[in-house]
Amino acid sequence: MQSDIEVSNRAPLSTSDGPVTAVIRRTVKPGKEAEFELWLKGIGGDALRFPGHMGTNIIRPTSSSRPEYVIIFRFDSYQHLEDWETSEIRHRWVQRVQDLIIGETHIHRLSGLEYWFTVQDLPEYDAPPRIKMAVVTWLALFPVVLVVQPLMLWLLDFLPSWTQVMIIAAVMVALMTYAVMPVMTKIFKPWLFRKPRHS
């Protein structure tokens with residue numbers, strides 16, 4: 001299989017769905033890891049300058065049985081993601097990486113709740129049904145709202161109400177993304193996910 005082939009789920013995403021995430025999986029040739037890390041730094045820096053860019057995350061290989069790098073680009077809209085993916089800058093970076101990788105490059109696009117249920121250490125699985133994502137998100141969000149909101153309101157009592165809401169929302173999103181949802185995803189993994197894509 002040629003390394004320049006990209007396998008992508010280019011199913012249409014609604015432009016009104018808000019933030020959209022592209023999850024890219026690449027397998028690096030043995031001995032090319034250092035060069036690939038420099039490539040990651042370069043493409044990440046260029047993506048940062050594009051409108052709507054909301055962050056880039058890297059999940060590095062943790063074992064020889066799963067040698068893939070998972071690169072996660074997040075944009076505030078589908079159009080901004082498309083602008084990046086069809087840009088000449090990205091095209092040049094894709095061409096430059098071909099000598100460093102082997103096999104197919106898999107690209108998976110996510111919107112809405114799917115982000116929490118696909119990239120948190122489980123990139124090899126398809127996103128679960130939306131009803132299951134909604135149930136687990138509700139179970140996770142309930143205790144966060146119950147505990148965090150009253151505590152934050154008490155701590156931020158001296159601030160204007162709109163500032164309180166902005167800070168509380170930021171704290172809750174950070175907690176859900178980096179603390180609560182990774183744990184909930186692992187706890188409910190047998191119920192949420194079907195077989196891995198490679199099965």
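**Cavity, helix pair and salt bridge**

Mentor: About 40 Å³ of space lies in the largest cavity of this predicted model, a volume being the space filled by probe spheres set on grid points joined across faces, edges and corners. Local features need pLDDT of at least 70 and side-chain atom pairs 80 or more, whereas totals for chains, interfaces and linings use all residues. Residues are numbered from 1 along each chain as its sequence is written, and side-chain values use heavy atoms, without hydrogens and water.

Trainee: Why are helix 1 and helix 3 called roughly antiparallel?

Mentor: Helix 1 and helix 3 pack at about 175 degrees, with their axes 10 Å apart; angles run from 0 to 180 degrees between N-to-C directions, along lines fitted to C-alpha atoms over the stretch in contact. Angles over 145 degrees count as roughly antiparallel, and helix 1 and helix 3 therefore qualify. Phe 36, Trp 39, Gly 42, Ile 43 and Asp 46 of helix 1 make the contact (heavy atoms within 4.5 Å) with Ile 89, Trp 93, Arg 96 and Val 97 of helix 3.

Trainee: How do you know that Arg 25 and Glu 68 form a salt bridge?

Mentor: A side-chain nitrogen of Lys or Arg must lie within 4 Å of a carboxyl oxygen of Asp or Glu, and Arg 25 and Glu 68 meet at 3.3 Å, N to O. Arg 25 lies in strand 2 and Glu 68 in strand 4, so the pair ties together parts 43 residues apart in sequence; helices (H or I, at least four residues) and strands (E, at least two) are DSSP runs, numbered from the N terminus.

Methods
1 Å grid on protein atoms, 1.4 Å probe; cavity = no way out; pocket = protein on both sides within 12 Å on 5 of 7 lines; lining within 4 Å. Parallel < 35°, antiparallel > 145°, perpendicular 65-115°, else oblique.
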